[in-house]
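Dear colleague,

I am passing a structure on to you, together with some notes on what was found in it. Please open it first and keep it beside you while you read.

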Amino acid sequence: MKKLILSFGLLLILLQIAAQEIKSFKTSDGETLYFRTIGKGPRFILLSGGPGFGADGLKVWADSLSGDFECILFHQRGTGLSSNVKLDSSTINLKRAVQDLDDLRKNLGLEKLTLCGHSWGGMLAQAYASTFPDNTEKIVLINPGGPDMSFWPVFFNDNIPMRRFPAERDSLEFWNNQPDSEISIFKRGLFFVLPYFYDHEIGLKKMPPMMKLSPFNERMNNLMLKDLYLNYNLNSRLGNYENRCIIIRSRQDIIPAEAICQIKELLPQAEIITIERSGHFPHLEQPDEFYRILREVL
């Protein structure tokens, strides 16, 4: 019996490994970018946030959904497996990021894409749907930024500092004043991101393994944000997209609710689903509800 159980367990592991595969494709400007496929079923593309975080931070999403879908974890240019690329303003910008997605679509042989984006990934999904509305089947936006950068000063300058506890401010200041090292950089990131959580204790417990799984590329972040301030304004184009849009928003998200209202004004067909008692990472604070909703809307 023990041998039978062991054999069955080994078979399950082998089947899981077989269902995961790292692939690459050439972009229209000649770079090689990577993506990971997990599961079997209808395909959709997962877009990570930041900008600057690799897609492996969303692998837990793909693992949860892999029994029903083929989840494509796209490592955006300059992140994760796609980090070994030229990084400057000519390669890291909104226009190039949107084109990379369409190059991926062509590589996959898909007529239309279903995009599921978290935070910045939701902004990228909106940008793609604005540029290629006929190539977009559905967009699922989880705590996204709005259709322009008007939300950013409130998000970055007000909401984040307001939600940082005094002891966390002291810790962040301390680590910011330490010389750069693996530990100081890690601690800066940890104490910076705690206000993103409704429950900061959950953040302290669950963010460290997430940060190690998905390292942050600060240079990619800086380059993309600089371009977004100049070029991210979808107000005249997002309305061209007429297919389904689902917005999953945490009630206590740090991104102001006005950003969601702006999307809804441009996409009247958008469906808004709210998750209670959760911050920016609902899969960490309300995982059962989040995955149930995500599975239903996909």
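In what follows, two residues are said to touch, or to be in contact, when they have heavy atoms within 4.5 Å of each other. This is a predicted model, so to speak, in which local features need pLDDT of at least 70 and side-chain atom pairs count only at pLDDT 80 or more, while totals for chains, interfaces and linings use all residues. Residues are numbered from 1 along each chain as its sequence is written, and side-chain values use heavy atoms, with hydrogens and water left out.

**The chain as a whole**

The secondary structure comes to 12 helices and 8 strands, where helices (H or I, at least four residues) and strands (E, at least two) are DSSP runs numbered from the N terminus. The radius of gyration, taken over C-alpha atoms, is 19 Å, close to the 19 Å that the globule rule (2.2 Å times the number of residues to the power 0.38) gives for 298 residues, and the chain is therefore as compact as a globular protein of that length. Along the principal axes, the C-alpha atoms fill a box of roughly 55 × 50 × 40 Å.

Of the 298 residues, 52% count as buried, a word that here means under 20% relative accessible area, with exposed meaning over 50% and partly exposed lying in between (1.4 Å probe, protein chains only). The chain exposes about 14,100 Å², of which carbon and sulfur atoms supply 55%; such areas come from the Shrake-Rupley method with a 1.4 Å probe, and for residues only the protein chains shown count as cover. Among contacts between residues at least 6 apart in sequence, 74% join residues at least 24 apart.

**The nonpolar cores**

A nonpolar core is a set of buried Ala, Val, Leu, Ile, Met, Phe, Trp, Tyr and Cys residues joined through side-chain atoms within 4.5 Å. In soluble globular proteins, nonpolar side chains tend to be buried together. The largest such core in this chain has 65 residues, and those with the most contacts inside it are Ile-45, Phe-74, Leu-101, Leu-115, Ile-139, Met-207 and Leu-228. Helix 4 (residues 120–131) gives the largest share of this core, 7 residues. Apart from this core lies another, of 23 residues, among them Trp-61, Cys-116, Ile-275 and Leu-294.

If residues up to four places away in sequence are not counted, Met-207 touches Leu-190, Val-193, Phe-197, Ile-202, Phe-281 and Leu-284.

Ile-247 is found in strand 7 (residues 244–250) and is buried, with a relative accessible area of 0%. Setting aside residues up to four places away in sequence, Ile-247 touches Leu-141, Pro-144, Ile-260, Ile-263, Ala-270, Glu-271, Ile-272 and Ile-273. Ala-270 itself has its place in the loop between helix 10 (258–266) and strand 8, and at 5% relative accessibility it counts as buried.

**Loops with particular backbone features**

A cis peptide bond, with omega about -10°, joins Gly-50 and Pro-51, and Pro-51 has its place in the loop between strand 3 (43–47) and helix 2 (59–65).

Two residues other than glycine have a positive phi, namely Ser-119, near 60°, and Arg-277, near 55°. Ser-119 is in the loop between strand 5 (113–118) and helix 4 and is buried, with a relative accessible area of 12%. Arg-277 is in the loop between strand 8 (271–275) and helix 11 (282–285) and, at 52% relative accessibility, counts as exposed.

**Two asparagines**

Asn-217 is found in the loop between helix 8 (200–213) and helix 9 (218–231), and at 18% relative accessibility it counts as buried. Not counting residues up to four places away in sequence, Asn-217 touches Gly-52, Gly-78 and Leu-87.

Asn-107 lies in helix 3 (residues 94–108) and, at 41% relative accessibility, counts as partly exposed. Leaving aside neighbours within four places in sequence, Asn-107 is in contact with Ser-24, Phe-25 and Phe-35.

With best regards
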